[in-house]
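Here is a short tour of the structure shown below. Have a look at the chains first, then read on.

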Amino acid sequence: MSILITPETKIMVQGITGAFGGKHAGLSLDYGTQVVAGVTPGKGGQTFEHNGKSVPIFNTVAEAAQATGATVSAIFVPPPFAGDAILECVDAGLDLAVCITEGIPIKDMIRVKRAMQGKPTRLVGPNCPGLVTPGTGENSTGGCRIGIAPGYIHKKGRVGVVSRSGTLTYEAVYQLTVKGIGQSTCVGIGGDPVNGTSHLDVIKMFNDDPETDGIIMIGEIGGSAEVEAARWIKANCSKPVAGFIAGATAPPGRRMGHAGAIVGGAEDTAEAKIKVFQECGIEVAATPSDMADALLRKAETIGVTLS
Amino acid sequence: MNIHEYQAKALFEKYGVPVPQGAAAKSAEEFDTALATLPEGPTMVKSQIHAGGRGKGTFTDGFKGGVKFCPSKAEAKEIAGKMLNNTLVTVQTGPAGRKVQTIYFTVASDIKKEYYLSILLDRATSHPVIVASTEGGVDIETVAHETPEKITKVFVDPAYGLADFQVRELIFALGFDKTEAKNAAKLIKSLYDCFWETDAAMIEVNPLITTPGGDVLALDAKVSFDSNALYRHPDIVALRDLNEEDPKEIEASKHDLAYIALDGNIACLVNGAGLAMSTMDIIKHFGGNPANFLDVGGGASKEKVVAAFKIILGDANVKGILVNIFGGIMDCNVIAEGVVEAVKEVGLSLPLVVRLEGNNVAAGKKTLDESGLSLVSGDSMADAAQKIVNLVA
């Protein structure tokens, strides 16, 4: 198994006719992902063509879901319209909306998150690389790739990865793959201060997933999401967990690329979070080059073999 | 994006938040005109820079205090002359300080009591939170740490907005009398409207004051805005003061590069915010000092890499460069070509370590090898960081 998505998951792409959305819809198709629909208002009835595959385009998310059975959407629409795109997924009753868009106004996300309360749709992102559940084919093809992550660096296996940062996720995944250790699912939850799925949400899913044996949790300065997850891990999770926090050298009060990566006080510095990780039995990677090794150290300590 | 106190107070007035009467001047010639709008009597002279701690700051010529009380307008004019175009160093400016290019004169208010009031995003609940305290005019982090019971927070449901009962909760917690309570209620509601409608990231009023007459005023004002929302607020964008920003950061923003200047000597050029932050961290981990944060983004072109290179080399402190790229989708060869072109264009003589990994990495490495440039290849992040630290040391 895996979490959130499987190779059978049918996905739609909102913004498939844009350059960015189209490029990544194509890469997902190449990876073997079931991209079954595109949504661009006003272009319903057209098709998205890629390497001999033809994907129908619809005007609305509801139409796309009804006609194709897609249960998940990858959102590639520009920031001013992205909040609306998420709400359209909620209204259509999708299982999962994955919002890749970077730069959505925080107020829009505050309102969207409030409107999603009590609704069955889960949001991953925004400002995230998306999710990958690797497949069994060459270079992990045959899996489900939603978003912008490079599929080929993955390998099917039993380690879960959750991160606020795209490139740091790739760094961790690549280290694992090079060492012959595969991944169950890799989830980029995004770098914004208001997002859908939290570290803790993903950790709980990995903990419940019988096919995930170990977890790498990557965080950064700002907010308290990693601390919340770490405390839960201490109380509830017996699987080996390694962690890394970026931003130890970031000056306070400056936004480090990600809207959410900003030190606001004494509690949300890298130092404070690393301390909590250590208190909670999470093996801390001293540098990003150490993430896979940190997990291996922890696994060895508690007698878990990773593959 | 930050704005000055005088701009924030003009915004407050627009939303009906009472502030002491004031006027700004950008040159000595404007002092008289500005002061003419104020009544004769005690006047405050306030240096306008984007940093806190102004009152306790010192100018580089030894003059003390970036905020001064003056018994008369004549004295205010004289003091303003000492502050204008002088460089103010505060706990927040760093040793270089900031040049004061605007002076704000205000009527000196008669203060009965000082309070604290701020509005910002609470990340744990994803709701706006209003923070209030009876301890005004002091550092709120200290209050939160030492006497947390003196801080009241109300979380605003974005579906409804600020409710009257929540305003009452704040007012009772602050212990206002009847006249003050009426004025404070109006002020808090207006301030929340201002926060919400302008897409502010944070509004801080420290201190908020009461006067013997029962008035409630925002004596200071610190406002910052969500950069993601600026596209829908051209009036706020117009308040941006480029004098308050690092010229390299301004240049970077023109090329859509996320760049932040730091005080170390190893420059870095990285793709992705998380990787860029941890590249700084790993330089420090191996005993070096990063000169900057720089994220060229996921879709960097050759031109963008060239621009990025020029910006990091514009920092005279830089003694070496580390390029760290994990090209997931991004083509490593594009980065390599950008690096080669940039180095040739600027005639680089500093040590350069390049770590490339990912998509089309073989072609990228070939481009670098065949360029004839004297650069060092790094295998992993750790390897690359150690190499540049050793080369610079």
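## Chain B at a glance

This is a predicted model. In it, chain B holds 13 helices and 19 strands.

Chain B has 393 residues, and 45% of them count as buried. Looking at contacts in chain B with a separation of 6 or more, 69% are between residues 24 or more positions apart.

## Where chains A and B meet

How many residues of each chain are in contact with the other? Chain A brings 46 residues and chain B brings 42. On the side of chain A that touches chain B, α3 (79-91), α4 (106-116) and α5 (166-178) of chain A each supply at least two residues. Sorted by class, that side of chain A consists of 24 nonpolar, 14 polar and eight charged residues.

## The two domains of chain A

Chain A splits into domain 1 (10-124) and domain 2 (155-301). Between the C-alpha centres of these two domains of chain A there are 27 Å. Seven residues from domain 1 of chain A and eight residues from domain 2 of chain A take part in the contact.

Which elements supply the domain 1 side? Both α4 and β7 (122-124) of chain A give at least two residues each to the side of domain 1 that touches domain 2. The most comes from α4(A), with four residues. By class, this side of domain 1 of chain A has five nonpolar and two charged residues, and no polar ones. Helix α4 of chain A also supplies at least two residues to the side of chain A that touches chain B.

Conventions:
Residues numbered from 1 in each chain as written. Chains lettered and ligands numbered in written order. Predicted model: local features only at pLDDT ≥ 70, side-chain atom pairs only at ≥ 80, totals over all residues. Buried ≥ 20, exposed ≤ 12 C-beta atoms within 10 Å, placed from the backbone. Contact = placed C-beta atoms within 7 Å. Nonpolar A, V, L, I, M, F, W, Y, C, P; charged D, E, K, R; others polar. Domains from an automatic or database assignment.
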